[in-house]
Amino acid sequence: MSSQGTGPRVRLNRDRVLQAAVTLADRMGIGPLSMRRLAQELDVVPMALYKHVANKDELLDGMIDVIITEIDPPAAGLGWKDVVRGRILSARRVLQRHQWARQVLETRTNKTPGVLAYMDSFIGMFLDGGFSVDLTHHVMHAVGSRMWGFTQELFDEPADHNDAGAVDADDTARQAMFQEMAARYPNVLTIAMASAHDPAGVVGQGCDDQFEFEFALDLLLDGIDRLHAQGWTSARA
């Protein structure tokens with residue numbers, strides 16, 4: 001019987017542990033996630049988890065493998081550019097559902113089976129589109145983290161969303177900082193303050209994250225398309 005006496009305890013397996021960890025991280029973020037907290041969520045003792053995941057690093061790797069399965073497979077019947085674009089935007093939607101995943105992806109060094117399978121499929125979209133191995137190699141370097149649906153933005157700044165009062169209180173200091181920037185770094189300030197699409201954006205104050213991501217993605221894909229059409233190789237570069 002379970003510790004609450006509500007009925008038979010559900011047998012644990014690796015998939016159930018990982019799914020519970022993803023759900024918990026979605027709810028509370030990756031910072032507070034621990035083996036002990038996950039054990040409480042599953043109503044088991046912490047040692048029971050170690051039969052399925054050796055440590056927290058293995059847990060995080062497994063959680064990434066879980067959410068990768070949510071990324072749409074390559075679409076059939078489309079040109080390579082539409083297939084790649086759709087896959088990347090699907091990955092972006094997945095990371096938007098799981099806000100913790102970007103931080104985990106940026107810190108993982110272990111290439112899990114799920115990560116390798118996604119990378120293999122991603123590379124295959126270019127090879128199946130008639131790309132040479134040489135061009136595909138350089139394309140993967142150019143795409144980088146964008147294959148996962150994110151990239152480090154030029155004006156990306158951390159924000160403490162739990163301290164709105166402090167933001168209001170610091171408005172005078174913020175205005176003073178802007179005045180100093182205008183004097184010392186006028187071009188940076190001009191670009192940083194240029195957009196007014198989405199007040200909730202994180203690319204920059206007032207930027208529309210999705211627009212900026214798709215704008216850069218389309219520039220990249222158009223450039224790749226031109227190289228492919230020209231039969232570009234690094235030997236002739």
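This report walks through a predicted model of a protein chain, from its overall make-up to a few single residues.

## The overall picture

Let's start with the whole chain. Which kinds of element does the protein chain hold, helices or strands? There are 12 helices and zero strands, so in order from the N terminus the elements read α-α-α-α-α-α-α-α-α-α-α-α.

The protein chain has 237 residues, and 35% of them count as buried. Its exposed surface comes to about 14200 Å², with carbon and sulfur atoms supplying 54% of that area. Contacts also link parts of the sequence that lie well apart: among contacts between residues at least 6 apart in sequence, 67% join residues at least 24 apart.

## The nonpolar core

Now for the inside. The largest nonpolar core has 55 residues. Which of them touch the most other members? They are Leu38, Leu49, Leu59, Met63, Ile64, Trp100 and Phe122. Helix α5, residues 80-97, gives the largest share of this core, with eight residues.

Not counting residues up to four places away in sequence, leucine 49 touches Leu12, Val17, Met35, Leu38, Ala39, Leu42 and Val44.

## Helix α5 and its partners

The axes of α5 and helix α12 (residues 209-230) come within 11 Å and cross at roughly 150°. Angles over 145 degrees count as roughly antiparallel, which means that α5 is roughly antiparallel to α12. The crossing of these two helices, α5 and α12, is right-handed. On the α5 side, the residues that meet α12 are Trp80, Lys81, Val84, Arg85, Ile88, Leu89, Arg92 and Gln96. On the α12 side, the residues that meet α5 include Phe213, Leu217, Leu221 and Ile224, along with Asp209, Glu214 and His228.

The other partner is helix α7, residues 113-128. Its axis and that of α5 come within 9 Å and cross at roughly 155°, so α5 is roughly antiparallel to α7 as well. Here Trp80, Val83, Val84, Arg87, Ile88 and Ala91 of α5 meet Tyr118, Ser121, Phe122, Met125 and Phe126 of α7. Trp80, Val84 and Ile88 are among the α5 residues that also meet α12. Phe122, on the α7 side, is one of the core residues that touch the most other members.

Aspartate 61 lies in helix α4, residues 56-68. Is aspartate 61 buried or exposed? Its relative accessibility is 9%, and because buried means under 20%, aspartate 61 counts as buried. Leaving aside its neighbours within four places in sequence, aspartate 61 is in contact with Arg108, Asn110 and Thr112.

Aspartate 43 sits in the loop between α2 (35-42) and α3 (46-49). At 24% relative accessibility, aspartate 43 counts as partly exposed. Its backbone is worth a look too. Most residues other than glycine have a negative phi. Aspartate 43, although it is not a glycine, has a positive phi of about 60°. Finally, glycine 231 lies in the segment after α12 and is partly exposed, at 39% relative accessibility. How many residues separate glycine 231 from leucine 135 in sequence? They are 96 residues apart in sequence, and 8.8 Å apart in space, C-alpha to C-alpha.

Conventions
Residues numbered from 1 in each chain as written. Predicted model: local features only at pLDDT ≥ 70, side-chain atom pairs only at ≥ 80, totals over all residues. Heavy atoms only, no water. Core = buried A, V, L, I, M, F, W, Y, C linked by side-chain atoms within 4.5 Å. Buried < 20%, exposed > 50% of the residue type's maximum accessible area, 1.4 Å probe, protein only. Helix = DSSP H or I, 4+ residues; strand = E, 2+ residues; numbered from the N terminus. Contact = heavy atoms within 4.5 Å. Areas by Shrake-Rupley, 256 points an atom, 1.4 Å probe, with all protein chains shown as cover. Axes fitted to C-alpha atoms, helices over the stretch in contact; angles between N-to-C directions. Parallel < 35°, antiparallel > 145°, perpendicular 65-115°, else oblique. Left-handed = near helix turned anticlockwise from the far one by under 90°.
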